[in-house]
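The following questions and answers concern a predicted model. Please consult the sequence and the structure while reading.

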Amino acid sequence: MYNIKILNKIQEAELLYSLQLLVPEEIYKKYKIPGQYGVFSPEKNDSIYLAFSNAPLKKEPILEILVKNEGKNAQEILSLKPNDVLNLSDIQGKGFNLDRLKNQSIEAFAMGSGIAPIRALIQSILEGLISVKTFKLWMCAFTKNHVPYKNEFIFWKSIFPVELVLDQE
């Protein structure tokens, strides 16, 4: 079990919060492929599995997660403030099959917090960790207020097609 420090917490959208986490180098090295996730253990509740929302292999051992304010585990995590400590037991999952995606046309679909691993993939593409032929994102949300990473969406739209599908507007 690793104690990780919360550096920052930002409300990204209605019910969705982004947390930046400072993690020990030894566990950070396990995050190698976008799509992997962490097993977080709030003190009072069971484990919760959350995909990382930033690209791996950065110089600084910082992980980002997107948490929906729903359920006891998520609410316990979101009750924490910057400089508080959260327990991370492991980094797991195979992540996206980057060899299979290489030089392919990719269409990604996400809704709500499901954008987290897709954002990690997008950052990996933009940083040159993986080369793809084309990329298109389909993002679904109830309303514009439910769309996380709004500023990044504007930037992404300038680089590749982004379709925003709203259910209630």
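**Salt bridges, pocket and surface**

Q: Is Lys-68 buried, partly exposed or exposed?
A: The relative accessibility of Lys-68 is 33%. Buried residues lie under 20% and exposed residues over 50%, with partly exposed in between. Lys-68 therefore counts as partly exposed.

Q: Which residue forms a salt bridge with Lys-68?
A: The closest N and O atoms of the pair are 3.6 Å apart, and a salt bridge requires such atoms within 4 Å.

Q: What is the volume of the largest pocket?
A: Among the residues that line this pocket are Lys-68, Glu-70, Met-111, Phe-142 and His-146. By class, the lining has six nonpolar, three polar and three charged residues. The volume is about 160 Å³.

Q: How many residues apart are Asp-90 and Lys-30?
A: Asp-90 forms a salt bridge with Lys-30, with the closest N and O atoms 2.6 Å apart. The pair links distant parts of the chain, since Asp-90 lies in strand 6 and Lys-30 in the loop between helix 1 and strand 3. Asp-90 counts as buried at 19% relative accessibility, whereas Lys-30 is partly exposed at 40%.

Q: What is the area of the nonpolar surface patch made by Leu-126, Phe-155 and Ile-159?
A: Ile-159 lies in the loop between helix 5 and strand 9. Its relative accessibility is 43%, so Ile-159 counts as partly exposed. Together with Leu-126 and Phe-155, Ile-159 makes a patch of about 270 Å².

Methods: Residues are numbered from 1 along each chain as its sequence is written. This is a predicted model: local features need pLDDT of at least 70, side-chain atom pairs count only at pLDDT 80 or more; totals for chains, interfaces and linings use all residues. Side-chain values use heavy atoms; hydrogens and water are left out. On a 1 Å grid over the protein atoms alone, a cavity is a set of points where a 1.4 Å probe fits but cannot get out, and a pocket is an open set with protein on both sides within 12 Å along at least five of seven lines; lining residues have an atom within 4 Å of a point. Grid points are joined across faces, edges and corners, and a volume is the space filled by probe spheres set on the points. Ala, Val, Leu, Ile, Met, Phe, Trp, Tyr, Cys and Pro count as nonpolar, Asp, Glu, Lys and Arg as charged, and the others, Gly among them, as polar. Patches are made of residues with over 30% relative accessible area and no salt bridge: like charges are joined within 9 Å, nonpolar side chains (Val, Leu, Ile, Met, Phe, Trp, Tyr) within 5 Å. Accessible areas come from the Shrake-Rupley method with a 1.4 Å probe; for residues, only the protein chains shown count as cover. A salt bridge is a side-chain nitrogen of Lys or Arg within 4 Å of a carboxyl oxygen of Asp or Glu. Helices (H or I, at least four residues) and strands (E, at least two) are DSSP runs, numbered from the N terminus. Buried means under 20% relative accessible area, exposed over 50%, partly exposed in between (1.4 Å probe, protein chains only).
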